[in-house]
Amino acid sequence: MDLDFSECFDPRATGHGREPMRAAFFAYENEDLATRRAPLTESERFRSLNGTWKFAWRPHANETPKGFEEEGFDDGAWGGMPVPANWELNGYGFPIYTNVDYIFHSDPPNIRYRGKDPEYNPTGFYRHEFQVPSLWLEGGYQVFLHLGAVCNTCHAFLNGRPLGFSTDSKLPVEFNITQHLRRGKNLLALRVLCWGAAAYLEDQDMWWFAGITRDVYAYARPKQHIRDIEVRAGADGKLEVEVDMASGSADHIVQCRLLDGATKLADFEVPVAVRGSGAAGRASAMLKPLLWSAEAPHLYKLVVVLKKGTEPAEALSLNVGFRTIEIRQGRLLLNGSELTIRGVNRHEHDPKKGHVVPRQSMISDIELMKQNNFNAVRCAHYPNDPLFYELCDEMGMYVVDEANIESHGVDFNWSTTLANKEEWGEAHMARVQRYVERDKNFPSIIFWSLGNEAGNGINHHRTYAWLKRRDPTRPVQYEHARIEPVWATETMETIDVNTDIFCPMYPSQQKLENYGTRFDADVRALPLIMVEYAHAMGNSLGAFKEYWDVIANHGVLQGGFIWDWLDQGVETQKDGKQIWAFGGDFGEEGTPSDLNFCINGLVRPDRTPNPHLHETKKVMQPVVFKALDLKAGQIEVHNCYDFLSLEHLDFSWQISVNGMTIESGKLPGLTTKAHSSEVLQLPTKLASSSPVSGETHLLVTACMRQPGGCMPAGMEVAWEQWQWQLCSAASPAAALEGPEPQVDHSGSVLTIAAGELLARIDGGCLTSLALKGLELLAEALRPNFWRPPTDNDYGANLQAHCAPWKYAGRNASLLGEVQAAPGPGFVDVSATLAVGAGGAKLHVTYRVSSMGITVNAKWRPATVEKRPAVAGGIGYLRCHCDRHLDVEGKVVRARWNDMGEWQSITLNAAKEPGQPLEHGDKIALQAVTGKTEAELLVNGIVPITEDASSPVQAIGDAAPCWTLRRRAGAGPVRSGDEVSLERNGKYLAVDDGNVVVLSQESHLTQFFLDIKDQPAPMRIGFSTVLTEGFQDVEWFGRGPFESYLDRHASARVGLFQGSISEQTVKYVRPQENGNKFQTRWMALKRSAGPCNLLFIGAKDPSPLLEMQCHHYNLSDFDGGDIKAKQKFLHAGELVERPTTAVCVDAIQMGVGGIDSWGAKPLSQHMIGNNQAADWAFTLLPRQEALDADWRVRLHAY
């Protein structure tokens, strides 16, 4: 037959021939199977169709094999495809990842691929033969085909006859195939199109995978059967059951039994009345049940049996949780108690199977979430496999269920968004109605969501109104329910009527504080629950504690959902090495991609925790400890659970000195009720302990007494640590003894021999350190002001803003002479280094003795008023009318005398970042022209044409094209200098506020170059590379995992050790990692030669430093100017080195975590432009007896 598939591109086409959506359940043939929820394979009414199907793939939508649906079609040349499976991971097509932009041009409903072949729109053709039991055909049964999920549009055929058409890649479609079945073999054929009009509503931040992604099966029902069932169970104990029958008959009854294990709690019939060709009925019962919550997920089993006379026709069972979710007086309540949402967004993703997620993976996700103090998950951004909700019911997780609607790639303005287009109304409504009908009986679902980033307008207003009528028992949320087209980080949006919760995206901590202050006492306010926050991309989640400090202070702030749970990497091979692939790793050149923006999880693709997962567990812990009077041994314990008491926890204490435990014990159990506090009294002997020498800490922990809540017995749930008492004065360092150092001074090079130690200082830097002839430095100890950019750094364009510091340490030059001053048993070598072009200085003194070297450094930033212009630096061009050039989008104008974000221009040149710009240099004028959730958009300022008077726009690339001319002539360019910019004989000019190019110089072409601030460095410290042989590390400080200025709440102070290899955190894309915040000392160990360790100890005036060590060079983690061109773009590509890179920093800026596309770390977590730093540390190479006292001995020096 001639087939017409044009409906695939009709936005109004939402499917035909399909059965109405119903609740998720399976009807067995008898009560026993239903009661024990038997595997479906035990039922004679079930036939799985999973397996290998015949498959053909075509790159274009118009290449349908003629007659593929017919029985006589020759599919002998076709390949095989597992069902369920994604094509792209099974040899057909290639994976594509984008975030915001569609992979086709945004022109609804038309599809034109953005890659090289505009007609590319892969289409898959399936053929599968199956048989059904003869009883199904002879017993008068209705037989249905269940397709669990098919991406994106699907036409189905059975034995050559069309069954129907479906859209929505994340919901099942069922067809009644009774009339088309026959004895023996039946042929099922499917045509699956990657991208139809429906794809415009499926622009979620995930891989664009295609195929059948959930189970396919056939099942049989008697003609008279329960078509649908709805169960409501409230905290008042009322159980309501409503049934919708497929056909009407007076000789059938519906029997309901509510079971608690084997105990029957209720037994009642549902009276059914005929309604047209069907029937319906409802009944209720009152009980005194235990209530359901994520903390105590009490479930009952409702067994429903349809009987004809006394014989069962079919039976089904549902889990029932009694709970009431409501919003009252500005608070979200569950069972009458205010709820705190400790949530995370989760995509359905498997690193090997893509969007086909096994049961065990779901279980592992929920277990890991609960073990890390999460209690809620948002199904981002589509309905999940029903199995996931069942597991959340059973294991205890609150769920936000969400419609499969996201049209992010279409403009959000009311005039353009699909949310406000009538022709897209049916698609919006169908998706909302279908997912609600399927999922209505899962007690874990506490909110409905209208979708994600899909604009706002009439379609969402209508779906909200329908939902509120259909299910008044659950709140509805929608992030985009606002008047403004886009959300803001700092300012408050105007909330529209179609949400019950204010659920902002990526608000700052200050925005939360503002909302809490304004609305905490307002009984009509919407509770605020962040739908997405704390963007966990790469090395991130800085200032997470600051979010929860604000939440704890305001009842109207009720938590949020971190973005997101999982790095969506795909396991693959590159050059023989296993990597987690992301956007851009597949397909030909020109394939649409948002690079690694899918790598923003708390766990890696294989569910290995990223370090910031530990921070979430600590910050969101359900028990909070507060020191009331440590001297008296009094600690307040606050129970942050919403329902549980603390009876399930064991409490313990521990005292450590210099990281080593000296006393420990158990504390009395507590019965503290939810939302209450109790004072915990430490043992008397503990409170009166005698002072000890060294740094002393008290640790209190709460651990599981028995297994429960997905946690094994003994698992730590919460903890807190305090400095227990003021340390008594440490023993004074031993006097430096040994041979007097001998100094050989030749120019700027000093060689110092002190006993068995030899050191060389060249140009103010330590270039050699040897013990007994064993050289320990493979590279000099040099100042370091740069870190390999994190994903958040790239998002904030810090790799460009801070570029002048990248090589500033390496290029530091000696000012004056190196001075040597001998002392008793030591010699002090002092030098001053000029750092960068701005006048910053680093004063360094090396005290060399036979014990080792003490490095004492003083950093003084530039203080000159006329700052130099440098390559890669930021400048502001002020025209003759005293206005600065500003860039908004791609439009360049001169409107205000201001030096803000819109006016900042990066001055790129064909020279190393940080080098001074001079008269005659060619530069690029680059400006930020916009941002998406994937990146900042940066363009060069260039004329539209080469004609005189041509307007100038920010549409160019990074190539230097303007010649910088200084009116004063040759020499370096400084802030305040009058300059002109010439390109191909034309001059940049401002004429009546418009920016153009003119062919003649005049006052219109003259600019003053203003430089507001020299950018602050990313870190202030030293780095070096040690020679081969170092294998292990031990340190006293925060650990055991990495920690940073703005992410260290979860890293307790202690003594930690491991291999150096283990200290490198292999983020999916390599970047800054492995930092150890507030380190007292670090010992790097080796097993061979005359030196078995190098001890690095923090000294006054800096008893706490930041340190790290790697078997990689720092440059191995560095993505450079453009991270897509990074040498080692994936962690799996890194090659471990035998040498060891070491950093010793006075300070490193925080990692940030509000978002990854513009937000910097909070101001208190940045390094100030004028921030000075004084710090000191020892380098002690030793052949040390590693006895019980070696740490104390070395730390004393």
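Predicted model: local features only at pLDDT ≥ 70, side-chain atom pairs only at ≥ 80, totals over all residues.

Me: OK, helices. At what angle do helix 3 and helix 4 cross?
Reply: Roughly 40 degrees, and the axes of helix 3 (residues 359-371) and helix 4 (residues 386-395) come within 10 Å. Axes here are lines fitted to C-alpha atoms, for helices over the stretch in contact, and angles run from 0 to 180 degrees between N-to-C directions. Helices (H or I, at least four residues) and strands (E, at least two) are DSSP runs, numbered from the N terminus.

Me: Is that crossing left-handed or right-handed?
Reply: The crossing of helix 3 and helix 4 is right-handed.

Me: Which residues make the contact?
Reply: On helix 3 you have R359, M362, I363, I366, E367 and K370, and on helix 4 there are L387, F388, L391, C392 and M395. Contact means heavy atoms within 4.5 Å.

Me: And how many of the residues in that contact are nonpolar, polar or charged?
Reply: Eight are nonpolar, none polar and three charged. Ala, Val, Leu, Ile, Met, Phe, Trp, Tyr, Cys and Pro count as nonpolar, Asp, Glu, Lys and Arg as charged, and the others, Gly among them, as polar.

Me: What does V399 touch?
Reply: Leaving aside neighbours within four places in sequence, V399 is in contact with V377, C379, Y389, C392, S444, I445, I446 and F447. V399 sits in strand 30 (residues 398-402). Its relative accessible area is 0%, so V399 is buried; buried means under 20%, exposed over 50%, and partly exposed in between (1.4 Å probe, protein chains only).

Me: New topic: how many salt bridges does the structure hold?
Reply: There are 70. A salt bridge is a side-chain nitrogen of Lys or Arg within 4 Å of a carboxyl oxygen of Asp or Glu.

Me: Give me one. What does R127 pair with?
Reply: R127 forms a salt bridge with D75, and the closest N and O atoms are 2.9 Å apart. R127 is in strand 7 (residues 120-130) and D75 is in the loop between strand 3 (51-60) and strand 4 (79-83), so this pair links distant parts of the chain, 52 residues apart.

Me: Why do R127 and D75 count as buried?
Reply: R127 counts as buried because its relative accessibility is 5%. D75 does too, because its value is 17%.

Me: What about R1137, what's its partner?
Reply: R1137 forms a salt bridge with D1116, the closest N and O atoms being 2.8 Å apart. Both residues lie in the loop between strand 72 (1105-1110) and strand 73 (1140-1148), so the pair ties together parts that are 21 residues apart in sequence. R1137 counts as partly exposed at 28% relative accessibility, whereas D1116 is buried at 4%.

Me: Which residues are linked in a network of salt bridges?
Reply: R227, D228, E230, R232, D244, E437, K440 and R470 are.

Me: Now rings. How many aromatic pairs are there?
Reply: The count comes to 51. Rings of Phe, Tyr and Trp (its six-membered ring) pair if their centres lie within 6.5 Å; planes under 30 degrees apart count as stacked, over 60 as edge-to-face and the rest as tilted.

Me: How are Y113 and Y120 arranged?
Reply: They form a tilted pair, 5.0 Å centre to centre with 55 degrees between the planes. Both Y113 and Y120 are buried. They also belong to one aromatic cluster, along with W57, F94, Y102, F104, W195, Y200, W208 and W424.

Me: Last one, the backbone. Is the peptide bond from P108 to P109 cis or trans?
Reply: It's cis, with omega near 0 degrees. Another cis peptide bond joins D1100 and P1101, with omega about 15 degrees.

Me: What's up with the phi of N373?
Reply: N373 has a positive phi of about 70 degrees although it is not a glycine. N373 is in the loop between helix 3 and strand 29 (376-379).

Notes. Residues numbered from 1 in each chain as written. Heavy atoms only, no water. Left-handed = near helix turned anticlockwise from the far one by under 90°.
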